[in-house]
Amino acid sequence: MTENVSRRAALLKLGVLLNALVAVILAIPVVGYLFSAVERKHRYTGWVSLGPLAEFPAGQTRLAKFTNPQRRPWDGKTADIPCWVRNIDTQTFQVFAINCTHLGCPVRWFPQSQLFMCPCHGGVYYADGARAAGPPPRGLFQYRYRIQKGQLMIKAGELPTLATCGAIEPIGEKS
Amino acid sequence: MKRLQKIFEWLDQRLKIGAAVREAMYHRVPRSSGSWFYVFGSSAFLLLLLQVVTGILLALVYVPSASQAWNSLQVLNHDITLGWYLRAVHGWGSNFMVALVLIHMMQVFLFGAYKYPREFNWVTGVFLLLFTLGMAFTGQVLRFDQDAYWGLGIGASITGRVPLIGAPLVHLLLGGPIIASDTLSRFFDLHVFIIPALLLGLVGIHLLMVLKLGINEWPMPGRLVRRETYLKEYEDLVQRDGVPFVPDAIWKDMVFGAMILGSVLVCAAVFGPFGPRGVPDPTIIQAAPRPDFFFLWIFALLALLPPYMETPLILIGPIVVIALLLLVPFLSGEGEKSWRRRPVSVLTVLVVAVTLGALTRFGQEAPWSPVMNGWSGLPVPAQYLKGRSALQRQGAIVFQEKQCRNCHSLGGEGGKRGPALDSVATRLTPDELIRQVLQGGGNMPAYGHNLSPAEVTALVSFLDTLHPPGVRPARDFAEKGLPLLDTGHPAKH
Amino acid sequence: MTCWRRLPALLPALFLILAMAGCSSLPGRPGLGPEVQRPSDVMNFGVLYKQNCSGCHGPEGRGGPAFPLADPVYLSIVNDATLRTITAQGVPNSLMPAFARSAGGMLTDQQIDAIVEGMRKNWAKPGILAGVTPPPYSAPLGDPKRGTQVYQTFCQSCHGPGGKGGAKASSIVDGSYLGLVSDQELRTDVICGWPHLGAPDWRSDVPGHPMTAQEIADVVAYLAAQRPKFPGRPYPGQPSRRRK
């Protein structure tokens, strides 16, 4: 009798163990699949063109857009990302992300007052992207850029936030 | 009639659910609980069923892809017979459901219904509230318009503030590097599969507990809950002064539920569906995203918090609030139930309600948001231009052209972020005006590099005219009586 | 139990609602097209003007601090190409900003065209200058010395001696003022006047004696010559200047 009980208990344990094993094996693809969105080895960012330099007159700040390097065919318009290009002296540029550093709303450039303003909580930035007023914790996010065959190229690819600005550098640093 | 009964018996011999149904229907509830105050929960459940039905119907047409979601909503709104009406019912059903869940929760709190032995009714209720809010938020995302797009940006920005694991969390939230198809699919998954499954499962448990533990009796001041005696007291009460749930108590639930459903249908017919607003094209930067009604208070909170408190409060605040809510029944699981003898609880509810109400009101006004078209779209009030010199009129143009109006109002129109300037001349002397314009300060950017001296002079000469008639503008004591500005006003020559 | 009997009464109401919905005349039914247009698709002149122009030029094209665009005299001497250029690219050395995308603004070329067309359609009065030969919209500056004479004849009665302001009108030689308006703007002001402020056009400064094209060019040159090299400096009210 006792022998039987302990035997059944052992078989139950075996059942639990087998199921736990299968669950672990199943968990590997599930977790791997779920976490596939997490970036590894900077695969999200790449160099994209913003168009010929002639589109960005010296001394002015203009809206540009690029198609995100990483995208799906069914992304539609959401893969088109805008940014602000400031041509300082035809050689030096600043390319700012559209997203306010506070909560990511689209900042708008006002050439008259030489300010960027955010429509959400009133963050304001100066022409060089430095924080001027409002809640933003820092200046505008800046993309790295280079000039190649008369094209303005930037390194872009992910929505800039305070954590995901890998391709983006703090204000004041030269690229 | 007899034949019908036979069929039922035949079925029940095989299905074996008749007893359970009968038990649920005829279980005795305290007579005092058959009250109009006890109808909110059942109506919220009714709305959940409405949401399930309308949601399934909408999913027949909706396309969860970033390029087509907005278009499919346009088709629902315009091309499919009564598609707009189903969208409206789903949207208004959502609003009513959130409201009813909140009211239900408040009633349960004030009536002490969370106390022993019903602690887990409360705990599951807290999760049901969170899931309901989760449905409302993810539903707003599925509307995939401009507001949804930038709302996701806000969500990602908040997530990006998590220390150390911020970046992976942002990618997990968005399903990739940017707000696009994978993001929408993620929220579709949450809205259509994950949260509804949790919601329905938890509602089942919640209801089962109400059934097994009995509905809370009407709280009497002075009748204290004690762990040792409560269960027997409740049993006695139900036996002594109880009524069967069907039909003595349920008719009020049904009448109220029908009224709520009717209100949803009427609201949907009169006010129509919510959005979708602008097309979700990030290159349209003329966007001023606003959250839906039940999240306006968060929008307000994010604007009003001082920057140094922002990150800790955004990240820790929700955890603390949820933990506090979950702990309520364990902190005061016994004792007085009646709100008449629980002033702290009543005060808490009042404070929370007033705070949320005030923040929501603020969120509707959004005085912290600049009016982005104010500079070019809001005329200078005529009375501020009457009899002004050529220079002062140029100053008014400078005021508009330099986007001052985006943050400052004149005649009640314009941004509310900075102070209204209708009587600024009574507060600041011309020197102080110049200093404020050039150096900024007090949350105003410095315009020093962005204005020419002529623009500053014109602007200040205009601002110096902004005082109520009969009130002298502010002047330095030492220079009182001296005309400080060469305003070109005829009277001064 | 009586309430059970009321329930069926709700059903007709529900059917009524659905019937009305079938008639598609419910107030909640969304109107045609998307609720919010793409900003670049807005072509209605009223909307475009209200969003982009009324801040300075006033509602309905008048009553603002900037030049009243709804002045039919102005609209009859300026051509569409000029209006288009001004709207699209702004006016250098003045406060008129550029609105075209190609110049850093937010409007498409089609929207600029719609604004120009709308101004003509809504505010121009063809034939208002019938029988009159108006002075050309633009011309080179004349002779400032002769302009002094012209000023005394045509302007001094209101704007006072030397342009420093008089009983009926304010100073038009203030350095900061001149620093903010272009020569063309001065010329337009002289030709068209500011009707709603009581400033007459070129025909009626002296009744019965319209200004000639030469006189206009001269008086504009006279005003332009008084523009200081560094307008607006030092700020009036600065102690350094006050203590003198």
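**Stop one: chain A**

Select chain A and colour from the N terminus: the elements run α-β-β-β-β-β-β-β-β-β-β-β. That comes to 1 helix and 11 strands, where helices (H or I, at least four residues) and strands (E, at least two) are DSSP runs numbered from the N terminus. Before going further, a word on what you're looking at: this is a predicted model, in which local features need pLDDT of at least 70 and side-chain atom pairs count only at pLDDT 80 or more, while totals for chains, interfaces and linings use all residues. Residues are numbered from 1 along each chain as its sequence is written, and chains are lettered from A and ligands numbered from 1 in the order in which they are written.

Still on chain A, the C-alpha trace spans about 95 × 40 × 30 Å along its principal axes. Its radius of gyration is 25 Å, well over the 16 Å that the globule rule gives for 175 residues, so chain A is more spread out than a compact globule. (That radius is taken over C-alpha atoms, and the rule is 2.2 Å times the number of residues to the power 0.38.) Buried residues make up 43% of chain A; buried here means that 20 or more other C-beta atoms, placed from the backbone, lie within 10 Å of the residue's own.

**Stop two: where A touches B**

Now show chain B as well. The contact takes 50 residues from chain A and 53 residues from chain B, with two residues in contact if their C-beta atoms, placed from the backbone, lie within 7 Å. On the chain A side, the elements giving two or more residues include strand 2 (61-67), strand 3 (80-87) and strand 5 (108-110). Strand 3 of chain A gives the most, with 3 residues. By class, the chain A side divides into 26 nonpolar, 15 polar and 9 charged. The classes work like this: Ala, Val, Leu, Ile, Met, Phe, Trp, Tyr, Cys and Pro are nonpolar, Asp, Glu, Lys and Arg are charged, and the others, Gly among them, are polar.

**Stop three: chain B**

Hide chain A. Chain B has 18 helices and 4 strands. Its radius of gyration is 30 Å, well over the 23 Å that the globule rule gives for 493 residues, so chain B too is more spread out than a compact globule. The C-alpha atoms of chain B fill a box of roughly 105 × 55 × 50 Å along the principal axes.

Colour chain B by domain: domain 1 is 2-365 and domain 2 is 374-492, bounds that come from an automatic or database domain assignment. Their C-alpha centres lie 50 Å apart.

Next, pick helix 12 (residues 296-304) and helix 14 (residues 343-365) of chain B, which pack at an angle of about 80 degrees with their axes 7 Å apart. Axes are lines fitted to C-alpha atoms, for helices over the stretch in contact, and angles run from 0 to 180 degrees between N-to-C directions. That makes the two helices roughly perpendicular, a label for 65 to 115 degrees. Show side chains: among the residues meeting here are Trp297(B) and Phe299(B) from helix 12 and Leu359(B) and Phe362(B) from helix 14. This contact has 8 nonpolar, 3 polar and no charged residues.

**Last stop: chain C**

Select helix 7 (residues 144-154) and helix 11 (residues 213-225) of chain C, whose axes come within 7 Å and cross at roughly 105 degrees. Residues in this contact include Arg146(C) and Tyr151(C) of helix 7, and Asp218(C) and Tyr222(C) of helix 11. The count by class is 8 nonpolar, 2 polar and 3 charged.

Notes:
Parallel < 35°, antiparallel > 145°, perpendicular 65-115°, else oblique. Buried ≥ 20, exposed ≤ 12 C-beta atoms within 10 Å, placed from the backbone.
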